[in-house]
Amino acid sequence: MKQLVIFDLDGTLLNTIADLGAATNHALRESGYPVHSISAYNMFVGNGVTRLIERALPEDERSPENVITIREKFREYYDEHLADATVPYPGIPEMLHELSDMGVKLAVASNKYHQAVETLIRRFFPDIPWAAIEGQKEGVPVKPDPSIIFEILGKVPVRKSKVLYTGDSAVDMETARRACVDSCGVTWGFRSVKELKDAHADNITDTPDGIIHIVRRPGLELDV
């Protein structure tokens, strides 16, 4: 059985796309740039706020100075509105409680900036005994670089064979691969099943209960 499950946040635990899109559109509008439909943001998110802003800006307006300006406007708005429309996906709170009751340690690894990750997790899952909560921090590369996973493993010493990394995108599957831990792709998030399959997800589940079954599944014991 797995002893540690590390979750991506956006598109995995929480449906945040409406608030992310609203914050980005606000920042774009304030700076005189065209905005996008909320559905378009499914393909913009996943690599942190800087890449989100770059993708949302017109191609010929993606200078470092513009990105910084828009990112500052985004963060100012998002800090105030990050939970306006955000909700946990159905079955997520129950799944987290069941894993915790089983003695499985739980952690979050997100490319969203750390303060927002902390705020959202404490707001929506206040009674979950999280072993580690990690968002993007200055000087630490974003996923799919595995540094954030190694940081969690430094706080929660578990053999890699006992770790399951769960997310909704190819970025997440690649993060797990680079960290040498098993991956689980979820189909209710922002990206397609095809993307998860093309990214060689070790497991794919359509429901939160599927994560519990994967955690319980006996596996080959490897001393890694």
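Trainee: How far is the sulfur of Cys180 from the closest cysteine sulfur?
Mentor: This is a predicted model, where local features need pLDDT of at least 70, side-chain atom pairs need 80 or more, and totals for chains, interfaces and linings use all residues. Residues are numbered from 1 along each chain as its sequence is written, and side-chain values use heavy atoms, without hydrogens or water. The closest sulfur sits in Cys184, too far away for a bond, at 18 Å.

Trainee: Is Cys184 buried or exposed?
Mentor: Buried is under 20% relative accessible area, exposed over 50%, partly exposed in between (1.4 Å probe, protein chains only). Cys180, at 53%, is exposed. Cys184 has 0% relative accessibility, so it counts as buried.

Trainee: Which residues lie closest to the centre of the largest pocket?
Mentor: That pocket (an open set of 1 Å grid points fitting a 1.4 Å probe, with protein on both sides within 12 Å along at least five of seven lines) holds about 320 Å³ of space. Its lining (residues with an atom within 4 Å of a point) has 14 residues. The closest to the centre are Val49, Thr50, Arg71, Tyr113 and Gln136.

Trainee: Which element gives the largest share of that lining?
Mentor: Helix H2 (49–56), helix H3 (64–81) and strand S4 (105–113) each supply at least two residues of the lining. The largest share, 4 residues, comes from H3.

Note on methods. Points joined across faces, edges and corners; volume = space filled by probe spheres on them. Disulfide = S-S within 2.5 Å.
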